[in-house]
Amino acid sequence: MEVENIVYPDYEGGSLYNLSQSIMQNLGIQTRHPGIKDIPLDGKRLSVVLIDGFGYNAGKRAGIIKEDDPFITSVFPSITTTALITLMSGQMPGEHCVLGGTTFVKKFGTVIDNFRYSPVYSSGRDSLKSIMSMKEAYQVENIIERASESGKKCAIISPDFIKNSELTTITNSSSGTHFHYYHLWDALDYYRKALEGDFDFVYLYIPFADKLSHLYGPYSEPNLEAL
């Protein structure tokens with residue numbers, strides 16, 4: 001059995017959290033911690049493409065990333081919910097407290113499935129919304145909302161199947177201009193049009209590598225071929 005070396009988050013300037021700080025700085029939002037090192041942002045229009053599950057080691061095995069290419073670390077835990085919320089809130093995992101796919105939330109007195117925002121024993125989706133929004137329950141901030149309030153124009157491009165969920169009000173925001181796609185091809189079409197527009201910030205979220213990693217494994221042939 002092959003075990004990869006443990007990689008700790010580099011919160012001093014080399015993690016997804018620091019990238020969120022750089023995005024905030026670029027959008028004129030005050031930050032508390034340093035931005036990403038070695039990737040200077042000069043205040044011009046900014047775009048971020050996040051391919052969920054496209055890890056550095058998988059990229060090397062797919063022949064896309066070279067051995068000496070620079071990389072940034074994720075956060076801990078590096079699960080999708082925690083990482084995406086850190087990126088789009090500018091908060092550490094310990095600040096927004098979404099610490100994985102499930103989290104015990106004292107306000108509700110139970111363990112929450114964060115993807116569905118429902119108790120883990122429930123099969124429903126967003127069943128807790130009638131009591132309290134996910135944003136309120138976790139006290140999560142949002143970069144897009146803050147940027148929009150100051151007059152910045154932001155475009156968010158994400159899959160149609162995740163729209164209108166409580167989780168996406170945090171990871172994608174309820175502010176800004178949203179484009180929902182059905183396939184990678186219309187995702188790239190929306191992305192091209194957004195870049196041709198007058199947006200200050202364009203965010204494209206692609207989840208397919210993460211889905212294949214969960215189904216077949218991160219170093220499986222289907223996933224590496226997809227990457």
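## Pocket and backbone exercises

The second largest pocket in this predicted model holds about 190 Å³ of space. Let's work from there.

**Exercise 1.** Work out which residue classes line the second largest pocket, and which helix gives the largest share of the lining.

*Solution.* 
- Start with the list: the lining is made up of Ile51, Phe54, Leu184, Ile206, Phe208, Ala209, Leu212, Ala226 and Leu227.
- Now sort by class. Ala, Leu, Ile and Phe count as nonpolar, so the tally for this lining comes out at nine nonpolar, no polar and no charged residues.
- Last, look at the helices: α9 (residues 208–216) supplies the largest share, three residues.

**Exercise 2.** Take aspartate 126 and serine 173, and decide for each: buried or exposed?

*Solution.* 
- Begin with the backbone. Aspartate 126 isn't a glycine, yet its phi is positive, about 60°. Serine 173, also a residue other than glycine, has a positive phi near 80°.
- Next, locate them. Aspartate 126 is in the loop between β4 (118–119) and α5 (134–138), while serine 173 belongs to the loop between α7 (166–171) and β6 (177–181).
- Now apply the cut-off: buried means under 20% relative accessible area. Aspartate 126 has 13%, so it is buried. Serine 173 has 5%, so serine 173 is buried too.

Terms used. Residues numbered from 1 in each chain as written. Predicted model: local features only at pLDDT ≥ 70, side-chain atom pairs only at ≥ 80, totals over all residues. Heavy atoms only, no water. 1 Å grid on protein atoms, 1.4 Å probe; cavity = no way out; pocket = protein on both sides within 12 Å on 5 of 7 lines; lining within 4 Å. Points joined across faces, edges and corners; volume = space filled by probe spheres on them. Helix = DSSP H or I, 4+ residues; strand = E, 2+ residues; numbered from the N terminus. Buried < 20%, exposed > 50% of the residue type's maximum accessible area, 1.4 Å probe, protein only.
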